[in-house]
Each structure stands twice: as C-alpha cells, then as structure tokens.
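I opened a new page for this one and wanted to get my bearings before going into detail. Here is what I looked up, in the order I looked.

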Amino acid sequence: MAFEDILDDLAIRRGKALAMGTEQKLAQRRAQGLLDARSRLDYLLDAGSFQESGLFAASDRKEMRDRTPADGKIAGFGRIDGRRIGVVSNDFTVMGASSASINSKKMGHVKAAAEKRGFPMVFLGESTGARMPDVMGAKGIGGGDTRSRYLRTRRAPWVSAVLGPCYGSSSWYAAMSDFVVMRKGATMAVASPRLTALATAEKIDDQELGGWRLHTQSTGIVDLATDTDEQALDAVRRFLSYLPTHADAAPPLAAVPEGSDDGVATLPDIVPVARSQVYDARKVITAIADRDSVFEIKARFGRPIATSLARVGGRTVGFIANNPTVKGGAIDVDACDKATSFLVLCDSFNVPIVLLVDQPGFLVGVQGEARKAVGKVMNWMNALSLVTVPRFAIFMRKSYGQAHLNMGGAGNADEVAAWTTAEISFMEPEFGAAIVYGARRDGDQDAFSAARAEMSRDTSAYDLASIYAAQVVIDPRETRRWVIDMLAVRESAVTGGVGRHLMASWPTSF
Amino acid sequence: MTMEELAREHEQRRAKALAMGGPEKLAKRREERVLNARERLDALLDRDSFIESGLFAQAIRPEVREVSPADGKIAGFGRIDGRRVAVVSNDFTVLGASSSAINGKKIRHVKRAATQGGMPLILLGESAGARMPDRMGATGRAMLGQDPEEYLRERQTPWVSGVLGPCYGSSTWYSCISDFVVMRKGAKMSVASSRVTAVAIGKDIDAEELGGWKLHATTTGLIDAVAETDEEAIGLIRRFLSYLPSHNGEAAPKTAPAEPSEPAERILDVLPENRHKVYDVRGIIRCIIDADSAFELKPRFGRSVCTMLARIDGQSVGILANNPYFKGGAIDVDACRKAVSFMVLCDSFNIPLVFLVDQPGFLIGLEGELRGAPGFIMNWMNAISLVTVPKISVVMRKSYGQAYLNMGGGRNSDEVALWPTADLGFVDPAVGVSILHKIKRADDPERFDRLAEELARDSSAWQLAALYEAQTVLDPRDTRTYLINMLDIHRGSGVGKHRLANWPTSF
C-alpha cells in the first residue's frame, strides 16, 4: 500500500472509531439533552488535553469487531485545571458500554498508570453491566487476572459520575470512589431492573431500584445529585480542586477571595445563645470559610451532621458540623456513617479537619439500635483515633455524652476552642435531673429547678478551659482567625502537610 | 502500728474488697442464678491463676470511697489453657460497675499490658454506664480524655467480650470493638439504657427490644454467640480463644488431629444430585473438619453465608461457606457484612481461610439496594484483596456472577479446586437463555432446554480447569486431604501481614 493509502486508512479507521455508535443512537441522546461519551470528555477536560488510549480497541469477538468502536469504553489521560488525570468515559451507544475483556484491559491500563504515577481517576459511568454472551460460561467468568481489580488503597483520588444506567462494574467503581455525583434520571444497582425482574419475578421500577433519591437519601453512596450532565461534570472538576493529585502531596493552595473575612461578623446573628433554639450549621461553615469555597458532601444523607470541603485562608479543610435544624442535631446512624466516611476521605488526602460542635448526643431509640448504632459510634471513634491530619474542635454550644468524644472532645482533637456560649456535660440538664435526681418538669418545681441547676453546674466554656480541656475560649467572631492560626501551627513542617493515611485501605462503604 | 497490726489491717482491707457489694446484693444474684464478678473469673480462668491488679482501688470521690471495693471493675491477669490472658470483670454489685476515673485507669493498665505483652484481653461486661455525678460538668469531662486512643482497635491481640448483664456505655463500646462477643440471654446492650432512652424520647421502652439478644443475634449481628447461662457464655469464651494465637505475631495453636465425625462418603449423601435442591452446608463441613471442632460465629445473622472456626488436621481454619439452605444461598447485605468481619478476624490472627462455594449470586432486589448493597459487595472485595493468610477455594456446585470473585474466584484465592459438580457461569443457564435469546421456556420448551444445556456445558468444571482458572478437579470425598495438603503448602511462616488490622469493627 502506498503511504497515502495507509494514512487514508488510518484516517478512515480513526473517523469510524470516533463516530461511536449509530447516528440514530447519538441523535436520540441529543434529543434527550444528554451528552455522549466524547462530549463529556470535551466538557470535563481542559481544552485539547485528552490523550486517548485504545481508540482502535474493539471487541475480541470477531462478529462484533466492526460494531464496537473503542470497545464501548473510551479511556485515556487529560488535564483538569492543568493537573493530570486518568479517565474512562463509558460509551452507551456501543453495546450499552457493557464490560468485556478488551475494555476491561483498557480500564486496567489507565487505572494502573494513575496509581503508579500519582494522579486521580475519573469514571464517567453509564453501562448495562457485563456483556452477554462474552462473560457467560467458564471462559467468560474465568477470564483475565482480576486479583486487585477491586482493591482500593486511596493512593490517588477516584471520582465517579453516574450518568446513566449503571450496573456491574460502573456501580462497583462508584461504590469505591471518594466522590460520586449522579445525574437525576441515572440509576445504579447491583443488577439491572430487567435481570432483577427475571431473577425475582417481580416487576421493578428502575428509579426505585437505584435512582438518585435512593442513593442520596437512603444508601448515601452518592454524594451529590445534579440535573444535567454538565452540572455533574462541573462537580467532578470542583471536587478535585480541593484535593492533591495523590496522597503524598498537600492539597493545592488557592487565592483567598476578597471579602472572605467578612462572614464571621454574622455568627452572633446565626447562632442563638439559647441552646433550645435551632439554626442551620451550614451557615456557620459559610461564615467561617473563604467566600464561595464551601462544597457540601452528602447534603441529603445523615443530615444531623453536615460535611463540607471548603477553604480557610486558601487552604483546603474538611468541616464536620452538627446541624441542630435536623433532629435537633441528635446524631443518628446515617450521620455516624457519614462522619466516618468523611474522616477517611480527609485523612487519606491530607485535608485538615474542623469539627463544629453543638450536639445533644446520639439519637437513642429502637430504630438506631436495630441498625447497630453502637457499632457505628465505635467505627467513628476508631477512625478519629487513626486520623493523622490536624483535627480542630470548636465547641459552639452544647456537647454531651459519648458524642463529645466523637466530636473531638476529651483529647480527640489536636486543638480545642470553646465559644463563650459553650456548654459541656454528660447529658441535657433536664434529662440529668430526671435520671440522677428523679426530678421532672411536671413534678415538684423546686426540686426540679434545684436538680437542673445542679446538673448545669461546672459546664461553661471557662470550666472547660480551666482544666485545659480547651486551649482557649473565643468570641465566635474570632473563629476564622483561630482556624487560620491553628492551620499554620499544626501543619507538619516535617512532612509538608502530608499525613500517614492509616485508613487508606479502609472499606469504602460504612 | 506494729507489723502485726499492719498485717491485720491488710487482711481486713483485703476481705472488705473481696466482699464486693455486700451479702445482700450477692445473695440476690445467686437467687437469679447469675454469677458474681469474682465467680465469673473463677469459671473463666485456670484454677488459681488469677493475679489481681487494683484490689485496693476505690472511687475518687471521698463520699463513696468506702462503698466502692475495687471501684466496681475487677482487673488483672490469669491463664486459660495455660496461656496468659488479661481480664476485666465488671462488678455490678458495686455502684452498678459504673465507669469512673479510677476504674478507667485499671482498664487502661491491663489493656496496655495485654497489647505490650502479647496476650488476649477479656472483658466481662455488666455496667450501668458512666458513673454519676462523676462524669457531669466540665470536670467530669476532664476525667475522660485520659486516653485519646481508648477506642482505637489495632487487633494486635484478640479481644473478647461477654455481655452478661445490662451493658451501657463503655461495656457496650468494648463489645463492639471485640473480635468475639457472647451474650447471655437476658443481658442488654445499647447506646443508652431503656431508662435514659425513655426520658430522652419521652415514652416507655422495652429493654429487650432496645438491646436484647434477639436484636443483636439476628438483626444487628453485633454479637457472635448466645448463651443460656453465665457458665455457658464463659465456656464459649475459652473455646473461642483456643482457635487463636495469643497475639498476631505467632501462628494459631495446633492441637492433636482428629478424624471427622462423619465419613467423607457422607458428602455424596448431603449434596443433592439435582442442583435445584438445597441442603445445609454444615452437613458437608462436618465430613471435612476434625470431629467436634466446629465453632460457628453469628449463626443467626446473614445466614446464607456460614462462618465457622474449625480445625483440619489439628490446625485452625476459618471456613466461609455459602449455605443454600437459606435463601437458596443468595448472598444478602447481612451476609456480606458477616463475611467481611470474618475475613478481618481470620486475617488479623493468622487463620487460613477456606471458601466452600455454592451460590447463585447476590440477592438482588429493592431491599438490598435500599441498604447500599453495591457498597458492601465492594467492601468484601477490598477485604479479600487485602487478605494475606492462605485462601483456598473449593467450588462445590454453582458459582455465578460477581460473587464468583467474592468467593475466591478469579485469582482471589491461592488455590481453587472444583468438584465435578461445579457450574461456573455468569448467571443461571435458564436466566442466561432468557437474556441472550429473549425467549421464555413456555414459548418453546424444547429449544429453551437445548440452549440452556449448551450454556451449561460451556460452564462446566472441565472448562474452567482447562483454562487453569482452577488448579484441579477433585472427587468431593478427597476434599479433606486436598485441604490438608494445600494449607501446608501455603502456610509459610504461619504469620500474615494483617493489612486489615485497623479496619473498622462494625460493617
């Protein structure tokens, strides 16, 4: 063949591979307002930065070879904000982006490079699951070396976007990722509704089986739900902006936006002095953090606790705040799981932790006990004990019982500040009056008042500071300054802000 | 004072401390047939092996000093089967064995000694929780915080808990972070007592419902075994420890080998020829392991997976078996959690894992998805990828789908053996035909059956062995001999790397 013909052939082959599935399928997606797999990459990555790996890969089944451009999973490398990432974008128009032996090799290749060279992996999920009949039979199931396919060691961040039906490996990777965003309308489950219906002989609605409401509210596997593909991809970029590209680097520093110091002045208006009055703790985070820097994780799950990535003085921090607007801030089982998973995230990627404390204890009762509340309380304590990034606790108002330890009290934080409004005790004074003294509000008023007063004694911020269980008592308006100062004091000069990551191989769901 | 007088005082003080909370309370316990804290130690430890630490410790508050012998938690060291252990026995007759500053120091002391000296820690729990008013106010907080690693679990040595009465506060926390928890029926374990809970939520609550044995054995899975009496519970603690090394730096102890209680031929009677018929996998295990060596963990929880400590040729093994007897062996979320916690246990204490496989896949459907099934399936994969003790997988019948990997397929174990009855495919052949050819059996039974048979042929043991995805195809009756050989080949130093040692304690 003449060179010209050879190059023509290359161009034709390239054009064919880049064309993805049929024009009809692509048009259908456009009509639905969905991006196709390559448009998603264009949107996600810095312009012109995509280096494809495996454009000419195709199914290893001869009869399918011409119908499987890139074998349905587009893989490669690119940049986000100038930083290197590895990426796999599932092309649903090619065999439903089903997993098969060749595209699994592609995923394995990019993943291994990301792990070895220290950059994040982004999985854009949309897949019907394992390809049939490829995976059927002994040959299908026994194909390839899969020993560490599902091992997560958190050497570098993993992010998943669930952008369509996700069954099989797309859901596994989502479950193992540090951040999962889901477009509303997408689904994620062990098996598709069709397979589930075949196996269980019940008709099943795909949204009920694995829609965004289920995963943002009930399972907590998804961190954020968006309306469009574009919003989901924006969230992927934004999430990564808070983190280092690998575990052995400190998070990137950002410029501090103008006006970032103004918010703290509003804290006295946000947090009522009377501890029976509630407020939204997320407003406190916003007031302390750099302007527009707050990125909430799992906003719809375990809501008595709010977890947000944010920046303070340009440095990434992770906020864990009790939120009195939900269940009065009483910490339920989901909130325990959420706190634990957030501690693992922050500690694995060198993000210092700020605990904002205002909690009446764990939510007690039969429902929580049946969901192993006690075990979840201990998972959290184990995690907090293993954290090696700086931990700062700020006691804003009340902090009672065992949960006081979980929120960084009693030696479980490196630095502790108490607001002037802080109140630290074993339990709500009124409950204490009933339990210790048998005095109830609806009983003898004098006895009740005396018992409650006794239970409230020795519980102030200054009492805490006098035994050096808090290093300082601050005006709420001094909070931002204190956090900035302590970040400087506690950042390890020895390691350059890199922790020891003792939970790097912890499980990915709690 | 003369030496004589000092000796007398010593004797008096010792007697007072040993008298615990007084004859009245002790008599009441005897009536209820509940052992007291010191009788429990007698039952637990080898005769005369107890060395007490802190007999003369008392409450820090002067007004209760004289009524707090040993400050309510009896601590020290002893031996079980000749091996050294550290122990804390809660004395409920002394201020409800509530946790306080001084008895917290005692727990810390023996805990540290156990970790440093490489011996198991046993906690006999029965406690009202934090002592009031000691823990109240900021000063109460100061009594805490003596040990920021109080609830850190690194699994250097085995920890065992007996839940032998009401357990709130630290007795509960220690149970959660133990490797084995046995609960006596009638005991309770929860975040807060039913009394505190009732005050907090403003309605009465049944203590059994809030934290009784049924809840924890069947629903939460936080306990591993249930006992009728204190004596039985304590017997189970001794038995559990017999399978484990004293610390993670040594191999599990070897005992005299014993032939199985059932002959190998029995396997062929237990395993039905018709692969749609179920059986109880424990019947097969009995034909493989040393007689009377079965010690099942969490038998009432996540039952489609059976987890059992046992011995083969005198060596401790952990058996993780699918049990078709429950839910046809389909693996549900609880079973996933149970499998993960068992792998963490075995890997942390150098106990090789044997997978006995016969499963149709994960139990799919709404209930599992609502509980986050994909996450727990991946936790299992993460765990099995991190295990460094020998993993031997024996596929008895079917092994389908992703769960094939979870049960040790696809290089997730060191050796794979297949019985000739093994069936390896992605889904059940009948489901496969429906998906692949989009027909139902009712449409054309003859064609459907032919297609299903084709699929089944392609997923036979011989196909997998030909690909060397399995190292051998075994006569089921040779399974014990095979395991003895493979466990020996893969034993190495008998000490693993314990990469799951700091994993969480509840899944």
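First, a rule to read by: I call a residue buried if 20 or more other C-beta atoms lie within 10 Å of its own, exposed if 12 or fewer, and partly exposed in between, with C-beta atoms placed from the backbone. By that rule, 60% of the 510 residues in chain A are buried. For chain B I noted 58% of 507 residues.

Ground rules. This is a predicted model, where local features need pLDDT of at least 70, side-chain atom pairs count only at pLDDT 80 or more, and totals for chains, interfaces and linings use all residues. Residues are numbered from 1 along each chain as its sequence is written, and chains are lettered from A and ligands numbered from 1 in the order in which they are written.

Overall build. I counted helices (DSSP runs of H or I, at least four residues) and strands (runs of E, at least two), numbered from the N terminus. Chain A has 20 helices and 16 strands. Chain B also comes out with 20 helices and 16 strands. Its radius of gyration is 26 Å, close to the 23 Å that the globule rule gives for 507 residues, so chain B is as compact as a globular protein of that length. That radius is taken over C-alpha atoms, and the rule is 2.2 Å times the number of residues to the power 0.38. The C-alpha atoms of chain A fill a box of roughly 100 × 55 × 40 Å along the principal axes.

Where the chains meet. Chain A gives 86 residues to the contact and chain B gives 87. Which helix of chain A supplies the largest share of its side? It is α15 (residues 373-386), with 11 residues.

Helix α15 again. I found α13 (residues 333-348) of chain A packed against α15(A) at about 20°, axes 9 Å apart. Axes here are lines fitted to C-alpha atoms, for helices over the stretch in contact, and angles run from 0 to 180 degrees between N-to-C directions. Under 35 degrees counts as roughly parallel, over 145 as roughly antiparallel, 65 to 115 as roughly perpendicular and the rest as oblique. So α13(A) and α15(A) are roughly parallel. Among the residues making the contact are A:L343 of α13(A) and A:W380 of α15(A).

A second pair. The axes of α17 (residues 429-437) and α18 (residues 445-456) of chain A come within 8 Å and cross at roughly 110°. That makes α17(A) roughly perpendicular to α18(A). Residues that meet here include A:V436 and A:Y437 in α17(A), and A:F448 and A:M455 in α18(A).

One residue up close. Where is A:A413? I found A:A413 in the loop between α16 (401-406) and β14 (415-419) of chain A. Is A:A413 buried or exposed? It counts as buried, because there are 26 C-beta neighbours inside 10 Å. Leaving out residues up to four places away in sequence, A:A413 touches A:L355, A:R391, A:F392, A:A393 and A:G408. A:H501 is 88 residues from A:A413 in sequence, and their C-alpha atoms are 17 Å apart.

How values were computed: Contact = placed C-beta atoms within 7 Å.
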